Amino acid sequence: MKKPAILSSAIAYGWAKRAVDLGLGTKAFTKTENNPWLKIDLMDVYFVHDVVVFNVLEPKHDGPMLDLNIRIGSASIINDNPLCTIANIYVGEGRSFYCDMFGQTVVIHRPGVVASMVIAELFVNTNNAENVPRKAAVSNTQHQNSRAPSRTIDSDVNQYWFVTEDGIVQEKTLTVELAGEFNIVMIYIITRALMQFELKLGLSEDFALQKHCIPGLHDLPVSAGYHFFCVERTLTKYIHIHQYDKERQMQISEILAFEKTKPVIDYNRNYKHVWAEEHKDVTLSCDINGYPAPVFSWIKDKTVVATGSRSLTLLHVKQNESCTYECWGNNTLGKWRICADHAEMKFDLKTTTVVENFEIRGNQWYSSYDDKQMKYLQFREKAPKPTASCQLWLKKKHPKLQDGIVSGTLCLRNTTHDCAATFDVDIRRCTAYYIYHFARLRSTTTYKFCFEPAAISTNGQHPAISSAVPNYALSDKIFQTETEVVESYQCLVMCQLDTQCKSFNFSQKEKICEMNTATKKEFPRSYGPRNNYSYYHLSSGIVKVARRRSEL
């Protein structure tokens, strides 16, 4: 990687640069001290896909690195950067941590201990997305000397800030003009504090005529970088922030905007070997990046074994389970982006049906998942009993797959009323689970959520590749063509994620997948010979097994 690095303390031959010199034979290490850390400056704001950390290969005087905190952000204070993960890395071990976070700084530290930190090598993998060029920025509020709105587009995330004048009591706005019209899917904001604000974008300078990136009011109380994946791609010339908190200053370092990019595989890490002790759990991670975030599928022996997440956890592995897993991602169907990009609220359904003490961000979609039972969860659609330990329930039926994003109402149950208060919620059904966006809720500490196992049937959801008639295809009904598709089951996954798709043509030789809005049975005259292509019929989410040609 060879980016600037710094350690909390320096020892001869343990310099920080040895953690980024692309060699596992050297190591960077600190003195034995309180809260040791290593910082990497990426020199610009990047979407950090994953961080790979290697401990030393030989124990000698070194040992395991326990409770390592990995943070990614743009704040100068370590703990102000968002946390990616907390992990243990043992001697001779290298681990990948998939963060999918924006920032200029990667920090590894061991808080609350007196110890040394030893790192053999650190790799940071970013995607290929670049922010679109920006032209100008204006505000309706006076600013401090040398802290003009133009500071939000100067590409300096550390030194220069836009800060409104202290003591001004009014609603505050900031408008960023892009250097052209761009299809924006994500906005990244680096701020010290930004409270009770709306984020809009579009072609008009008029705030009222613009579209919400994500509906509702948002709070960014901590100095850090925050990414907003917009509900839909929007042709944009102006980005507008309107802060309704009259008392608080507006303090922003940088505003970046990103367009859609195709999924990109990190070919330097295309094949990865993972070792694990027998009967231990092992997690595999996927090296595909893109905007909108790709839909991920995991394939074993040409069968899809999991969808929706860039990581796959195998429980209690055995020696005879050693095999090859493939990860495949697609983002051409942009409406599925949020299904892959949501955050999970995790807890144990065996001991409680209540999610509590969970921080909620207004720029994020959430699903609920029971880690131990490995089940997705959904809001209850009936009011809980007065004696129940949970309070918030959904006052409507969950949407169908084809409904897209729908608005709903969460009811607060108290001792006397089933719906004593209401909260807005946006809901989307993904393939086998629901995701939720909370416009105003910020924490589950006050209000406890009522969940139950998701009622979505997964029967027939996992596709299986069957035989098909070679050198035949359906023509004139193609609505989507994908290139660089290596196997037919990859084409199947794309087809399954779009309700328009009823069948597909696949050419392994040309690596082309063509998705059709109809079947051969509906349009027999459009079905005929075609060299190097095979036709597949989709039935109830599974490729139909062809016993006779007439069935296709």
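Select Cys-411. This cysteine is buried, with a relative accessible area of 0%. Keep in mind that the model on screen is predicted. A disulfide joins Cys-411 to Cys-419, with 2.0 Å from S to S. Look along that bond. The angle about the S-S bond is -70°, and the link of Cys-411 and Cys-419 is left-handed. Is Cys-419 buried or partly exposed? Cys-419 is partly exposed, at a relative accessible area of 29%. The cut-off for buried is under 20%, so Cys-419 does not count as buried at 29%.

How many disulfides does a search of the whole structure find? The search finds two.

For the other disulfide, select Cys-390 and Cys-450. Their sulfurs are joined at 2.1 Å. Here the angle about the S-S bond is 110°, and the link of Cys-390 and Cys-450 is right-handed. Color the two ends by element. Cys-390 lies in the loop between E28 and strand E29 (392-394), while Cys-450 lies in strand E33, so the pair ties together parts that are 60 residues apart in sequence. Cys-390 is buried, with a relative accessible area of 3%. Cys-450 is buried as well, at 0% relative accessibility.

A search of the whole structure finds eight aromatic pairs. One of them is Phe-379 with Phe-449. Show both side chains. The pair is tilted, with 5.4 Å centre to centre and 40° between the planes. Phe-379 lies in strand E28 (residues 375-379) and Phe-449 in strand E33 (residues 449-453), so this pair ties together parts that are 70 residues apart in sequence. Phe-379 counts as buried, at 0% relative accessibility. Phe-449 also counts as buried, at 0% relative accessibility.

Which residues form one aromatic cluster here? Phe-379, Tyr-436, Phe-449 and Phe-451 form one aromatic cluster.

Next, look for charges over rings. Select Lys-200 and Phe-207. Lys-200 lies over the face of Phe-207, at 4.3 Å from the ring centre. Then move to Lys-17 and Trp-15. The charged end of Lys-17 sits over the ring of Trp-15, 5.7 Å from its centre.

The last stops are about the backbone. Most residues other than glycine have a negative phi. Two places to check have a positive one. Select Asn-35. Its phi is near 50°, a positive value in a residue other than glycine. Where is Asn-35? Asn-35 is in the loop between strand E3 (33-34) and strand E4 (37-54). At 36% relative accessibility, Asn-35 counts as partly exposed.

Finish at Gln-196. Phi of Gln-196 is near 50°, again positive in a residue other than glycine. Gln-196 is in strand E13 (residues 172-202). Gln-196 is partly exposed, with a relative accessible area of 31%.

Methods
Residues numbered from 1 in each chain as written. Predicted model: local features only at pLDDT ≥ 70, side-chain atom pairs only at ≥ 80, totals over all residues. Heavy atoms only, no water. Helix = DSSP H or I, 4+ residues; strand = E, 2+ residues; numbered from the N terminus. Buried < 20%, exposed > 50% of the residue type's maximum accessible area, 1.4 Å probe, protein only. Phe/Tyr/Trp six-rings, centres within 6.5 Å; stacked < 30°, edge-to-face > 60°. Lys NZ or Arg CZ within 6 Å of the ring centre and 35° of its normal. Disulfide = S-S within 2.5 Å.
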